[in-house]
Structure formats: C-alpha cells, structure tokens
Amino acid sequence: MRKIFTLFMAICLGYAVQAQSSITLEDFTVKGTFRAERIGGLKPSALNGERYTVLTPSRRQVLEYSYKTGALIDTVIDLDRLEGSDGIRIDDYSVNAQGTWMLIQSNTVPIYRRSFTAQYYIYEFRNKDFMPLSENGAQSVATFSPAGNKIAFVRNNNIFIHDLRFHSELQITKDGKMNHIINGMPDWVYEEEFSFNRAFEWAPDGSAIAYIKFNESAVREYDMATYRGIYPENYTYKYPVPGETNSTVSVHVYDCFDRTTFEMNIGQDTNIYVPRIRWTTDPKRLAVFKLNRRQNSLELLSANVRTGETSVMYREENKYYINNENFDAYTFLPGGKGLVVINESNGYRQLQQYSMTGKLIKSITPAKYDVIDFYGYNTITGAYYYSSYEEGALQKHVYVVDAKGVKRKLTPKSGWNEVSFSSNFAYYIVNNSSNSQVPNTTLYSTAKSKVLRVLVDNKTLAEKVAQYNMPTKEFVKFKAADGVTELNGWIMKPTTFNSANQYPVLITQYSGPYSQSVQDIWSTDWLNYVAEQGVVVVCVDPRGTGGRGEAFGKCTYMQLGKYESDDVIATAKQLAQNSWVDGDRIGIWGWSYGGFMASLCTLKGNDIFSMGIAVAPVTNFRFYDSIYTERYMREPGENADGYDKNSPINYVNNFNRGSLLLVHGTGDDNVHVSNTYELAEALVQADKQFDMAIYKDRNHSIFGGMTTKQLYQRFVNYIKTNL
C-alpha cells in the first residue's frame, strides 16, 4: 500500500509540475498577466466622515460607500445617464466641501511629469446640470474654493476664477506668457524637483487666492528637436543647469472682494526658492517657504496679506541640505496652537510641533527612525497620524500618537502599507503587500484597529502566480566598500537553481539620494523573466539611499556617485566569491540615476563588470538641472572635482572588456539625450566599442505604441548575448 501511495503522489506531483506554465516577457510588458487589482479613484468624503467614494473601472461612474457597513449608499455620478457626456472618461474628480458641486477632470494631456492640461466639467447635484468648466480652452489644476461656490484654474500661464453662482469667468492675472511669466503653476525645474504642480492656494475662508509668480525670462532655453515630419522642429523650454540663472519668484495675494493684488515682501535676494506657500488658519496670514539656493537654510515667513509685511515664524538649518520631501508635512494646528513639521534636527526625519513663533513645543516621534508620511492631526482627539521605518528600512507601518503621547501601531500586517484615512480619522483603508503576499486592501476602524472588511484580496492573482514558474526574492545583506556598513539587498534565482552550477549575475539598482529599491513589497516585473532565463538577479541599496537616517542618507553629499558606485562594485565582488556565480559574467543595469550608476560602475568597475545597460543616464551632473544637483553637490564653481571625478565620462579609458548599451529618448525633457551623446563621444574618442539605442521623440519613460515591448526585448537580448 505504501508503494502504491508513493507512486500515486509521484504521479500527482508530476502533473503539478507539468501544469505550471513558464512566464514570458510579454506577461510583463504587454499582457499585464500579474497585475494586481486595486480600488481606483478612492477618496474620503469631505462632507461626511462616514463615507468614501470610488471610481468604477469604466471611469464613467463614481460610487459612494459606507465605511461602517460597506453598503453602497449612492451613485454620485453616472455619465451614462447624463446628456452631453458621450466619450468623456473621468481622470480625476473632487466634490466641494458642501456636497453641492462636483468637478471632473477629463481628456488629460501631460505636459511634463506632473503638469497637464485637461477639460474640466462641473456637475450640480441638485439640478443635475452638467457642463464644461470653461469654453475658452483647456485648463489646469482646477480647485474648489473653501466656500464651494468658486473654482480657480490656470490657463496659458494665467489664473482664472469661475463663479458657480453666475457661471462667470474672471481672469485675475494677465501677464502670463510662455517661457517668460507663469502664474499659479511652477516652472519646469520647480515642478520636477519640488514635486508639485499647483502654485496657488485659496484662503481658508475663500476671501483670497495666494499664488507664486515665476519670471523665467532670464533662464536659458533648451531646444529639443522633434522628428514628426520631414523637417525637424524645435521644442523650446526653460531649463536651468547648475550654476545658471533660475526663475525669479514672487508671492502675491489677490483679494476676491475688492479685486486688488498685494505682493508679499520676501526680501531683496532673488537667488532663492519658494517651494511652497500655505495659509495659516488665519485668512489674513499666509506662510511663505523661503529656501536659500544652497537649500540648507529654510525660513517660514508669516505674511500679512493686506500689507505684504513678513516676519520669520520658523527657521531650520542643516549642515547638508533640507529634504524637499519634508515640505508637504507642514500643518498649522487650529486655534493658533502652532505647526507640525518634519525635520532632521536629531539626525532622523521626525515629527515635531513648534509654536507660531518658532519655539519647539515637543517632539511627537522622538525615537531614532525616519518618518515617511504625516497624514494629519485629529482636531477632536489631538492625535497625530504618520508612517515610519520603525521596523526597519524594508517595511512601512502606520502609527497614531494620542494627545498624551501614547503611540499605537495601526498596520498589523508585515510588509509595505499605504493608507487612506477617512476625513474624521475614524476609519482607514490599508493597501498592504509583502515580498511573499500579493496586495490586499482592508478597511479598519481606527478605535481598536479592528478589521471591518477586506475590500480586495487578489486571491485570483495569488492563484495565478502559483500556476507559473515564478522566481522569488530572498532578502540579504552586503557589506559596503568600507567593509563595515551593512547594505540591504535581495537575490532572485531561477526556479531551477542548482548551487553546483555557475550562473551569470545582473545587478539592478537605482541608488539615488534617499531612494529605495529594496523593500518588503509585492513586485513582479521583467526581471522575474530574466531570472527564469538562468540569470541570478541581485538588487542593492548602497550608501546614500533612504530609510536609515541622515548619516547614511547624506554621506554622498558633494560627491554623488562615489560611495554608491564603490558599494555596488563591492557588492559585485562579494557575489563573485560564491561558487555558483560566474565571476566573468556580472552585469548591471539601471534607469535615470540608476543609468548614471550603471554606466559609472561598468567603466569604473570594469574589472568586475562585463556588461552594462544604462537607460536615460546622467553622465555628468553639470548637464542636469539646478535644483536637484545643487541640493546634493552645490554649484560647479564650489565643487568642480565632485562633478567631474565621479562622472562616467572620466572613466572611459577603463573600458577594456565587456559591453555597454546606452539607451535614450530624444524627447527626454528631464535627462536630456545630450548626456548619452557626451558619453558616447568620449567613448568614441577613446577608441572604445559600445552599443547605443536611440528612441525618436520618446520622453524619460521611453514608452508609446510598441516601444515598451521592443525596448525590454532589446534588454533581454543584450543580457543573453553578453552575459
């Protein structure tokens, strides 16, 4: 009987193995075979803290649900039943605080990474009136006033106000001009490096609009050739590089009642940044963020909006630089109780409360770990909600600290947790995943962190993954080049891995300041396919990356690329010591900053790397933008060696073996294709053979049509041929 049972099990296992399918590159680049289900357009109701809304997959309906019961309460809007809505898809939406009007964003056309134009529509719930916001051209960043009866938006670099009561349109700035003056939206470099797309704010009572004016007339222009016809055309825009002139910025407040505009006094020095403006809880007081050009000194100015006079309410300095990720955390507490900020005064990103005169009241998160997000302050209970790396740099968890300073963890599942709170903080929805757990979305009650219901379990995805030969990641540690510092990493081996054999290795990384590539999060992509083709794929976060405090994250200051490349090269050499690694077949790939690192490591570490793929690489930070580069490197006149010694161009003579593929889109407005051309020219003049792929009119993401499929097939072919 035992022999029969053994035979039976062997047959069953044989069928199980045969039943498993092999993954293909198209599963990741075309089919989306392993794409997780998520809730689209989830928004907490501002009108009722007990409800939330979602956007249906068709993007034609918005539905409202009860947090507590899960019941469908209402269909907020159904475009299928509205006359005049044919062909409209909802890209984004918002409802005013009074619940009387809805604003719908549609036909969105990207400009740069965050900026766009769109056609907005307005919908009145009572009369079911549906109409365009404006008939006079596409709009951008349309936003309700707090009173809910007006909408401000930007068109052609000017700010307009639509009055919903009379359906009138008022233009409040008139000097906007392409490549000269921008009102209410940031210029290219502000948008990219300070991470925002709207530079105007309604006063708390709707009585005024504060806005930033960008005068980019003196900023040098960058010409990008476009190849859409027989003769190339130029696209020209303003792009300041390190050490060059930036936009001159000024802050203004438009009074909606008397229709006058006042300029705020932010000082005589024009060589500064204003990365944010925020209203205090007082509609007569505007907070202006004033950052010096070196980005290591921040003043928060309190501006009297009727006189323009300012005074410093908070000051912060840092011996390296102030993280731009901190700006959105600034929150003014009701009743003049002060403001909450994230700063690094103790070497970690911590939540702290200050008075309105800049005196430290208390540290909300005093432990030695980095805070990631500040979700808000509960005005009823006095509680603070935030996420942090308290359980290590690989995991993101969410916490609440009550008015007495007692902390409680809100995310029971290990891994990576993204959270959306209800407007009254009574409920929260968590999208959780881990390296071994597909994404799942769960609704909790905040009071006791009680599970109310699972909204998405992705059971189908888990079952599908189980049907395939899918390589999985194993978290590991590497030693930095200093031989002491531990680095986080993961290894992904083929499912048929046999330690008696030798395998080529591909290192993947990004490595940029405060970035993270190694996280306990669910992820499948083309690298799973590469691993299944017999390549061991390895990822590492070198020194300078995020989640581990200021000393680790800012050690690359003034010399971007040095320690990161040293650490990645050291990682490759440690891997080569394993008997199952073919030390003559170790490659590296990366995109953007990762492309910078891939090209630098291939050349600088040519004794260990035999192949590199560098996509959209920065090849000398003299070519990149002013805000990003100077934050970490200062201006070239102060740090010439830091710029040049760590440029891959400086190492072309090291390239004596192996292969290097340079990839770039000619329409890349972020990292210009000239970066690749400069490195290519240096390689040519050094008489070094290399490979290059140029994609016509493609931007930094290099996509469109069949581009993604063709591009990743090129990567795979290059790896197979050269590793």
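In the hairpin formed by S10 and S11, five residues lie between the strands, and Gly148 among the residues of this hairpin has a positive phi near 80°. The two strands, S10 and S11 (residues 150-155), pair in the antiparallel sense over three bridges; strands count as paired if DSSP finds at least two bridges between them. Phe144 has Ile151 in S11 as its bridge partner. Strand S10 (residues 140-144) is mostly covered, with five of its five residues buried. Buried means under 20% relative accessible area, exposed over 50%, and partly exposed in between, with a 1.4 Å probe and protein chains only.

The model is predicted: local features need pLDDT of at least 70, side-chain atom pairs count only at pLDDT 80 or more, and totals for chains, interfaces and linings use all residues. Residues are numbered from 1 along each chain as its sequence is written, and side-chain values use heavy atoms, with hydrogens and water left out.

Helices (H or I, at least four residues) and strands (E, at least two) are DSSP runs numbered from the N terminus. Strand S28 (residues 350-354) contains Gln352. Gln352 counts as buried because its relative accessibility is 5%. Its side chain makes a polar contact with the side chain of Tyr354 at 3.1 Å. Such a contact is a pair of N or O atoms within 3.5 Å; within protein, one must be able to donate a hydrogen and the other to accept it, and residues adjacent in sequence count only if both atoms are side-chain atoms.

The largest nonpolar core has 124 residues, of which Leu286 and Phe609 touch the most other members. Helix H8 (residues 593-604) gives this core its largest share, seven residues. Apart from it lies another core of 42 residues, among them Leu394 and Trp526. A nonpolar core is a set of buried Ala, Val, Leu, Ile, Met, Phe, Trp, Tyr and Cys residues joined through side-chain atoms within 4.5 Å.

| Residue | Contacts include |
|---|---|
| Gln352 | Leu339, Val341, Asn343, Leu360, Ile364 |
| Leu286 | Ala210, Val251, Met264, Trp279, Leu301 |

The protein has 12 helices and 46 strands, and 57% of its 723 residues are buried. Its C-alpha trace spans about 85 × 70 × 60 Å along the principal axes.

Key:
Contact means heavy atoms within 4.5 Å. Lists of a residue's contacts leave out its neighbours within four places in sequence.
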